[in-house]
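Here is a briefing on one protein chain. Look over the sequence and the model first, then read the notes below.

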Amino acid sequence: MKVDTLTSAKSRMASLVREIPAVLLAALFLSGCHAQQAATTSDHGETGARLVTVGGTSGVQLDDAGRGLAGIATKAVGQEDISPSVQPTGEVAPTDSGTVQVTARLPGKITDVRVSTGVRVRRGEVIASVDSIDLTQAEATYRTAVSHSRLAYNQLVQQRRLAGFGTISEQPIEDARKSLAAAKAAVAGDEAQIQLDRLTLANTKQLVALGEITRKPVEDAQNSYAQALSAQRQARVNLTSTKANLDRTRILFNGGVFSKQQFEDADTAYNNAVAAAEQASTQESLAGSELKRQQSIYLQDLNGAASMQQAQSKVLQDEHTHTNDMIAQELARKQFARAQVVYRSGIPVSQALQQAQDNYDEAQVAVQGAESSLRLYGVSPSASIAQLANGHAVIPVVSPIDGIVTARNVVVGQITDTATPLIKVVNLDRVFVDAQVYERDIAGIHLSDPVRVQVAAFSGRSFTGRVGYVANEVTADTRTIVVRTVVQNPGWLLRPGMFATVFIGSRRAARSLAIPADSILQESSRQIVYVEVAPGQYVQRTITTGAVVNGRAPVHSGLASGDKIVVVGGVLLQQEQSKLESERQRSR
């Protein structure tokens with residue numbers, strides 16, 4: 001992995017700032033030493049320091065007093081575990097599963113809105129109300145089912161009183177058996193469908209988390225726009241070609257070389273090319289508008305939220321159907337058991353009594369189905385009766401998750417449907433941190449690599465996670481690739497839109513010689529450090545290093561384990577050596 005130039009520059013600047021007081025102090029001290037000296041040599045600077053050559057390498061020698069005042073500090077080089085890492089910039093965003101666009105369960109008119117932007121809400125809390133004609137119909141259906149049930153019960157009681165004697169055939173048993181078998185098949189089919197729906201919901205959640213659903217319309221729009229742009233360019237090239245051919249044909253026609261038919265053919269081809277160019281331009285404009293629309297939808301996360309809501313609604317609807325079919329199955333089981341008892345015992349039951357019993361059971365099923373529908377809409381049967389008595393049909397809109405209201409697109413009196421987002425609720429227990437990683441650094445990043453996140457608002461605190469997603473495409477404008485981390489967010493300190501510094505470290509640590517990045521000096525195109533070869537003697541050493549990790553630079557060449565390098569005061573030594581070498585050149 002390459003060295004992060006910006007990070008190295010900042011580290012060296014920080015080192016230089018720390019060394020300035022030492023440089024000034026040393027300069028004052030060495031200047032004083034010069035005032036006390038009677039004479040100097042050509043290799044001896046005005047400050048009292050002098051040039052030395054050790055093993056063919058030049059350097060600087062200082063006495064004990066000069067080293068102390070200059071603040072020279074050294075440290076032995078050793079082997080360390082270095083984990084390659086990158087430090088890109090990222091942005092905090094809510095998770096797809098933690099973002100919900102709340103809609104009404106039935107179309108109608110908004111009668112009440114109880115929340116505003118920035119308000120915390122709880123799961124199941126009523127945040128708005130909708131007056132719905134469809135709910136009125138559902139409530140009327142429930143009340144009608146209750147009335148039919150009471151009537152069927154009264155008829156059953158009457159038939160029991162009037163029951164006469166008769167014989168029982170096997171036909172009712174056979175009919176009841178067929179009904180029970182059909183009911184069991186319906187329940188089994190419902191259960192299989194629910195399992196499929198839940199698998200589809202899980203897959204949808206995963207696709208939304210990976211960004212596949214939300215980005216697919218944008219990618220399709222990008223491809224369409226690219227095709228339209230290519231077609232427009234081809235049409236322009238064809239227009240230019242036919243125009244040139246028309247001009248040439250006109251000249252030859254006027255000169256009597258070409259016939260009038262040839263001139264008319266060229267003119268027709270040019271007019272066709274003009275029309276094709278205009279059509280291609282129109283298609284390019286339309287494709288560009290569609291791309292902008294899809295990008296806007298992607299930024300608002302409408303595709304992901306709509307897909308999740310559709311999958312969740314399918315599960316709820318099929319669970320509702322399963323509940324009704326379970327009730328019907330229980331009814332068929334009772335009817336079959338009753339038919340068997342009646343047949344085996346020989347109890348005389350009139351056909352009218354059995355029909356009355358069946359009618360009552362069916363009426364009970366209708367009541368339970370109507371109750372289930374009302375509960376699906378968030379209204380209890382008792383509240384439904386009260387609403388009908390008061391002339392209202394209000395369905396509550398509840399928050400499906402704990403969260404904070406980030407958008408409110410509804411006012412009292414507004415007409416809405418089941419697809420219009422009314423209120424956006426975001427849960428920030430977990431957040432995405434999307435880091436923009438340069439393509440040159442992406443080879444060192446893998447799924448599950450540890451990640452540490454810092455934001456300016458909480459500079460003393462780090463948030464940790466692991467790489468969960470690496471994008472498959474490079475952003476054309478910035479030449480970066482999105483690397484996504486899911487971060488736990490206790491106290492909701494991280495907020496969407498915050499910029500973050502992301503530290504992505506590899507799990508594969510390599511053992512290598514390592515030195516503080518601040519000790520490395522730049523001289524022309526070389527990286528150098530000063531090595532203490534004897535007390536007070538410091539010589540330059542050219543080195544090569546790898547990417548800086550947490551302030552440590554792995555050394556590939558130029559140093560050996562045990563070498564004592566200057567970690568503080570290297571800038572002073574470099575400046576002093578340069579000055580002494582310049583003085584030597586002038587004296588010659």
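How many residues does helix H10 have, and how far does the helix reach from its first C-alpha to its last? Helix H10 (residues 570-587) has 18 residues and reaches 26 Å, close to the 26 Å expected at 1.5 Å a residue. The expected span is 1.5 Å times one less than the number of residues.

This is a predicted model: local features need pLDDT of at least 70, side-chain atom pairs count only at pLDDT 80 or more, and totals for chains, interfaces and linings use all residues. Residues are numbered from 1 along each chain as its sequence is written, and side-chain values use heavy atoms, with hydrogens and water left out.

**Whole chain**

- The chain holds 10 helices and 25 strands. Both are DSSP runs, numbered from the N terminus: helices are H or I with at least four residues, strands are E with at least two.
- Of the 588 residues, 39% count as buried. Buried means under 20% relative accessible area, exposed means over 50%, and partly exposed lies in between (1.4 Å probe, protein chains only).
- Among contacts with a separation of 6 or more, 77% join residues 24 or more positions apart. A contact means heavy atoms within 4.5 Å.
- The accessible surface is about 31,900 Å² (Shrake-Rupley method, 1.4 Å probe). Carbon and sulfur atoms own 53% of that surface.

**Helix H10**

- The buried residues of H10 include Val571, Leu572, Leu573 and Leu580.
- Gln574, Glu576, Gln577 and Glu583 are also among the buried residues of H10.

**An open sheet**

- An open sheet of 4 strands runs in the order S7-S14-S12-S9, with antiparallel pairing. Two strands pair if DSSP finds at least two bridges between them.
- S7 (99-102) and S9 (120-121) stand at the edges with a single partner strand each, so one side of each has no neighbour in the sheet.
- S9 pairs with S12 (residues 403-408) over 2 bridges, in the antiparallel sense.
- Arginine 120 has isoleucine 404 in S12 as its bridge partner.

**Aromatic pairs**

- The count comes to 2 aromatic pairs. Rings of Phe, Tyr and Trp (its six-membered ring) pair if their centres lie within 6.5 Å; planes under 30 degrees apart count as stacked, over 60 as edge-to-face and the rest as tilted.
- Tyrosine 153 and tyrosine 360 form a tilted pair, 5.5 Å centre to centre with 55 degrees between the planes.
- Tyrosine 153 lies in helix H3 (residues 133-162) and tyrosine 360 in helix H8 (residues 351-376), so this pair ties together parts 207 residues apart in sequence.
- Tyrosine 153 is partly exposed, at 41% relative accessible area.
- Phenylalanine 253 and phenylalanine 263 are stacked, because their centres are 5.2 Å apart and their planes stand at 20 degrees.
- Phenylalanine 253 is in helix H5 (residues 212-254) and phenylalanine 263 in helix H6 (residues 260-299), so the pair links parts 10 residues apart in sequence.
- Phenylalanine 253 is partly exposed at 29%, whereas phenylalanine 263 is buried at 19%.

**Charges over rings**

- Arginine 120 lies over the face of tryptophan 492, 3.8 Å from the ring centre. The rule asks for NZ of Lys or CZ of Arg within 6 Å of the ring centre and within 35 degrees of the ring normal.
- The charged end of arginine 452 sits over the ring of phenylalanine 503, 4.1 Å from its centre.

**Positive phi**

- Tryptophan 492 is not a glycine, yet its phi is positive at about 55 degrees. Tryptophan 492 lies in the loop between S18 (480-488) and S19 (499-505) and is buried, at 12% relative accessible area.
- Serine 448, also not a glycine, has a positive phi of about 75 degrees. Serine 448 sits in the loop between S15 (430-438) and S16 (450-455) and is partly exposed at 34%.
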